Amino acid sequence: MKQCQNKNESPLSYDIDCDKQTHHRKRMDGSCALGCDSATGRKRPRFEPSSVGLPDDFVLTDYTKLKGCSCKLPQPKLLSLLKAISSDPGKTQDVGMDCSIVEVRRSGQPSQQQELLSLVSTTDFFFPSVEDPFLQGQIGCANVLSDLYSMGIVDCDTILMLLAASTDMDDDERYHCTLQMMKGFAERATLAETRVTGGQTVMNPWPLIGGVAMRVVAEAEMIRPTGIVAGDVLVLTKPIGGQLAVNLKQWLKRPSLVYKNCIEGRMSEGEIEELYHRGADNMSRLNRNGARLMHKFGAHAATDVTGFGILGHARNLGAAQDANVFLELSLLPVMRGAIKASRLMDDKYKLFMGLSAETSGGLLVALPSIDVAEKFIAELKQLDSVEDGWIVGKARVRTTSDEEFAGILTDAQRNEELYHRGADNMSRLNRNGARLMHKFGAHAATDVTGFGILGHARNLGAAQDANVFLELSLLPVMRGAIKASRLMDDKYKLFMGLSAETSGGLLVALPSVDVAEKFIGELKQLDSVEDGWIVGKARVRASSDEEFAGILTDAQFIDV
């Protein structure tokens, strides 16, 4: 039997944990963070076909060969077709981006008093990606609404449902399956505070679900996807790996040759089920709160990540900009289990290339700064009651007209980026920090150099008149250094806090968290950087035998 070759995953991709909450928390939109039924509040049960009038062995994905947004025409072929009817695909006045925008005016007013309005519309539909028809309907609705959300449009005036009932099912199966898809679609529309007012239903061998979403908006109600500038920070609101999640789940019941050769005996059923249920929750979750926060935090543009993968949609977004920018992806958050599966299958679905199809994926949002992006993420986590949200890259000036509009950083580029970030840090004066120590009433400080942050913290603690212990709970590390240290088995003691620095930063003791935050805010402004973190606190030293400083066992090391 042929064995699949392992392929090293992208150095930028990493597994994230599924939610481990034991309590049922409600999101702001009313749905449960654990995928509970919105009507009953109970955890979504395992799909039991007989409970909705279907045969016990019914699996919706048996009736299609293409799943979810992976059924889309490949991006290069689509763009070649668009070029035949459009001079500049990707611009908002043209075809190629997430929504169509058509200017309209209110009637019955003099032309000079008319408010400029736009009809924003989008359509999307696809074949089943999950075994449960009700869940498939939820995903279909969430997916079509996501295009409006990617333009910061929070409310939808109406949805038309597009539906195909399968001719490969018998009459009874077709009725119950179609009914469940319609119910799921309508449930998600209600959750989004909109309603289905029409549509089209046809017969087809493969079932199909989707729709048309529309909203009439004033200019201030939407964020056109054209405003990205160099220096913007890119945020992703859901992890990737959805295509692998749904394929693996189907293969548990209907093993394919790829599954038998590459996955069977190497991934447990539990691992696959965990990945699938995380993916199902992601696909059915609305991106509506992300759209709200785009306005609050001044997003410059966004797109939703679906059939072309994160890199494909980033390229589309980059090409649509007024400024000449390149979207540089430096981090790919992947649902736990998908990296392992992709390795085993030699990256068959191009996960590590950023081209693996997603269905109803997250928003890729461009925000003005790291500080703004972190606040956006924090508030989104609270609103959606999830742990999803990552800074995944940045926008820079596009170097040549031949360069693509987006790309994933290579190892060499990341190493170069780490070096230049380090050089900039070492050559920057700590003078503004010294000024602000007086303004904000600092109690003491040291600079971090050859003994590492822990070594200098110990020296500083030992020098105090009071009997204190300096407790470090957060270590901000230049992006790329954490990965390098892991690969070298922490040869230079970075994770011990003893890695030598040259012309490092100031470790400053301030009277309170509030004062520290103000100190950091002003320092960022004065130095024109995004550096500055609360990394710990001083407490009473427990005994005379205790060291004068230490790193907490659960301290966070973060890429910055």
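Predicted model: local features only at pLDDT ≥ 70, side-chain atom pairs only at ≥ 80, totals over all residues.

Student: How many bridges join β8 to β11, and do they run parallel or antiparallel?

Tutor: Four bridges join β8 to β11 (residues 363-367), and the two strands run antiparallel.

Student: What is the strand order in the open sheet of six strands?

Tutor: The order is β8-β11-β7-β12-β9-β13, and the pairing is mixed.

Student: Which strands stand at the edges there?

Tutor: The edges are β8 (301-304) and β13 (406-408). Each has a single partner strand, so one side of each is left without a neighbour in the sheet.

Student: By how much are neighbouring strands of this sheet turned against each other?

Tutor: By 25° on average, direction ignored.

Student: And which helix packs on the sheet?

Tutor: Helix α8 (residues 309-319) does, touching β7 (233-236), β8, β9 (325-329), β11 and β13. The direction of α8 makes about 160° with that of β9.

Student: OK, now the sheet of three strands. What's the order?

Tutor: That open sheet runs β17-β15-β18, with mixed pairing. Its edge strands are β17 (536-540) and β18 (549-559), each of which pairs on one side only. Neighbouring strands here are turned by 15° against each other on average, direction ignored.

Student: How many bridges join β15 to β18?

Tutor: Seven, and β15 (residues 468-477) runs parallel to β18.

Student: Which residue stands opposite Gly-550 in β18?

Tutor: Glu-471.

Student: Which helix lies across β15 and β18?

Tutor: Helix α13 (residues 452-462), which runs at about 155° to β15.

Student: Changing topic to helix packing. At what angle do α2 and α6 pack?

Tutor: Helix α2 (residues 133-149) packs against α6 at an angle of about 45°, and their axes are 8 Å apart. That angle makes α2 oblique to α6.

Student: Which residues in α2 and α6 meet?

Tutor: From α2, Leu-135, Gln-138, Ile-139 and Ala-142; from α6, Tyr-276, Ala-280, Met-283 and Ser-284. By class, the contact of α2 with α6 has six nonpolar residues, two polar and no charged.

Student: Which residues are closest to the centre of the largest cavity?

Tutor: Of the 15 residues that line the largest cavity, Pro-239, Asn-282, Glu-358, Thr-359 and Gly-361 are the closest to its centre.

Student: Where does the largest share of that lining come from?

Tutor: From helix α6 (residues 269-284), which supplies three residues. That is the helix that also packs with α2.

Student: And how does the lining split by class?

Tutor: The lining of the largest cavity has six nonpolar, seven polar and two charged residues.

How values were computed
Residues numbered from 1 in each chain as written. Heavy atoms only, no water. 1 Å grid on protein atoms, 1.4 Å probe; cavity = no way out; pocket = protein on both sides within 12 Å on 5 of 7 lines; lining within 4 Å. Nonpolar A, V, L, I, M, F, W, Y, C, P; charged D, E, K, R; others polar. Axes fitted to C-alpha atoms, helices over the stretch in contact; angles between N-to-C directions. Parallel < 35°, antiparallel > 145°, perpendicular 65-115°, else oblique. Contact = heavy atoms within 4.5 Å. Pairing = 2+ DSSP bridges.
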